[in-house]
Amino acid sequence: NNEAATATTTTTTSDYHYPMVLAVSEDWSSPSGAGNGLGTLYAFQKACRVAKEKYGVDLAGELNEGNVSAALYHTAGKGTRLAPLPASENNNKPGVKLPVCHTLADGTSEPITVLEAVVRQTGIYAASRSGRLSVFWGDQIFVPTSPFNAAPTHHVDIMCTLEEEPPTAKVWKDKGLDKYGVIAVSGGGSGDAAQVEKVDHATAVRMLKNLGDIGRVGPSLGSFSVSAKILEALCEEFKGELEAKDGKLDTDPHFWMPLTLPQDEYISLMSQKGVEADESRSHHMRMTKMKDAFLAANSDLGLFGAVDVGSNACWWDYGQLKLYITNNLKLTEDGPDADLLRRFFGVTSRDMNSEVSGVTVDESACVFSCKAKSGSVGANVAMASVEAQEIQIGENAIVVNCAAKKIVAGKGAVLYNLVSESEEGIVAEDGDVIVSVTNVEGSSMLLRSKTSICGGQAWKKVLEGNSSSFEDVHKQNRDADVSSIEKKRKELFKKASSSFGL
């Protein structure tokens, strides 16, 4: 069940309803979903209904008046490449915890989730986006090096990392721009932009002829914002699909490209995706008709622009197991990127809120909200919310939310959401990935993998040590009550920790 969460923050009103957080799910007609284009429109409409039902707030009206800014976080997807971690959160992919803690309102601390980190980071854009809906992905954090409080100049703007050099054929090739969705910005003063996808320099220049001279180019981050006016126009244009819960449209190929590229170039680009020319022509004509009518009535802003986050922006993706490991181990490293990551998470010391005086801890390791009486923690370990009598944690291991009498983790192992009251405790070999999957009754099963295994490729396989495939567990978790299970997991953790005197 694909989910999206919408949060709104006030900018010019003092209404006590704000900040408001709304969670909605995508109950589309097809199991493959609405795509992130129709999915954005559908999620916004559902969020508006929830705001009206729960709080009596006309969210669309408030946005249209410029009284609030809103953000939508797409949390859809199975998380196959992050497997088995999302399974441990009962398919709540953005609820995956990181090995760093934050302090809650009641003064307690617990590991921050990916989505919580994304909401924290993207909040910097709220103040400058009154009357706009911003759309972000729920598994990646970026910290811009360019100003983030500029007033919007276009009805649609998309985030990208614009290169400093002029977009010559050499720069295009050297930067590998033929492998990305690329945003190109006009060299004139309008700041108008267009999008192409995975094309070489010569093809891009031809496709982007409408822009005139291309000033700067760079890879798209995918995140975007839209004015209330064009959001309303898109909802009206796709009213039939939204009411029928039918069709699948993504923002890049079905919204932004037909709105910014000439028809022939759009047909050519879509043919590379296997789309018939007649279908592309028909869709381009539909979007052009909508665009012409919209701009005739709304000439206050340009149509499509870019928001540069800076070519040196930090971008941390947690959507794959290998990236989850790489970016979390960055907490233990030295260098500007690692310093910025620690600063973002509020890390002021590598040992925070922990009771580990009897443990030998390497100076590079990060230990947050942990309790242990004896043992050792190796170099470049990241661990949070771990309680045990004895711990033996090998270098480059990640341990999150685990409680046992004894915890042994080999080099590079990942231990996640594990609770054991047994005498032997938890034992992982080098490169092991072990998570626990808990149900609402509180019974748990272990799910294993290796750091060298891509969950997407192994999705349908029953890996050694498991009784089910990742796909089977995903199906079993489909209707899980995530909140109740999280509560039960905390109870089990506390019970185990108390049983061995911590």
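**Figure 1. Strand β18 and its parallel neighbours β16 and β17 in the predicted model.** In β18, A388 is the bridge partner of A372. Strands here are DSSP runs of E with at least two residues, helices are DSSP runs of H or I with at least four residues, and both are numbered from the N terminus. Two strands are said to pair if DSSP finds at least two bridges between them. Strand β16 (residues 366-368) also pairs with β18 in the parallel sense, over 3 bridges, and C366 stands opposite A382 in β18. Because 9 of its 12 residues are buried, β18 is largely enclosed by the rest of the structure. Buried means under 20% relative accessible area, exposed means over 50%, and partly exposed lies in between (1.4 Å probe, protein chains only).

This is a predicted model in which local features need pLDDT of at least 70 and side-chain atom pairs count only at pLDDT 80 or more, whereas totals for chains, interfaces and linings use all residues. Residues are numbered from 1 along each chain as its sequence is written, and side-chain values use heavy atoms, with hydrogens and water left out.

**Figure 2. Strand β19 and its partners β18, β20 and β21.** Strand β18 (residues 382-393) runs parallel to β19, and 10 bridges join them. Within this pairing, A384 stands opposite V400 and I393 stands opposite A409. Strand β20 (residues 414-416) pairs with β19 in the parallel sense over 3 bridges, with V399 opposite L415. Strand β21 (residues 426-428) is likewise parallel to β19 and is joined to it by 3 bridges; there, A428 is the bridge partner of A409. Strand β19 (residues 398-409) is mostly covered, with 9 of its 12 residues buried.

Figure 3. The side chains of Q140 and W315 are joined by a polar contact of 3.3 Å. A polar contact is a pair of N or O atoms within 3.5 Å; within protein, one must be able to donate a hydrogen and the other to accept it, and residues adjacent in sequence count only if both atoms are side-chain atoms.

**Figure 4. The largest nonpolar core.** A nonpolar core is a set of buried Ala, Val, Leu, Ile, Met, Phe, Trp, Tyr and Cys residues joined through side-chain atoms within 4.5 Å. Of the 51 residues in the largest core, L85, L98, Y318, Y324 and F345 touch the most other members. Helix α12 (residues 321-329) gives the most to this core, with 4 residues. In soluble globular proteins, nonpolar side chains tend to be buried together. Residues touched by F345 include L98, I112, I141, Y318 and L331.

**Figure 5. D252 in helix α9 and the pair E197 and K273.** D252 is found in α9 (residues 251-260) and is buried yet has no salt bridge. A salt bridge is a side-chain nitrogen of Lys or Arg within 4 Å of a carboxyl oxygen of Asp or Glu. For D252, the nearest side chain of opposite charge is K273, 7.7 Å away; Lys and Arg count as positive and Asp and Glu as negative, while His and the chain ends are not counted. The side chain of D252 makes a polar contact of 3.3 Å with that of Q195, and E197 is among the residues that D252 touches. E197 forms a salt bridge with K273, with the closest N and O atoms 2.3 Å apart. This pair ties together parts that are 76 residues apart in sequence, because E197 lies in strand β10 (residues 193-197) and K273 in the loop between α10 (263-271) and α11 (277-297). E197 counts as buried at 16% relative accessibility, whereas K273 is partly exposed at 39%.

**Figure 6. The salt bridge between K170 and D174 in helix α5.** The closest N and O atoms of K170 and D174 are 2.6 Å apart. Both residues lie in α5 (residues 169-174), 4 residues apart, about one turn of the helix, and both are exposed.

Key. Contact = heavy atoms within 4.5 Å. Lists of a residue's contacts leave out its neighbours within four places in sequence.
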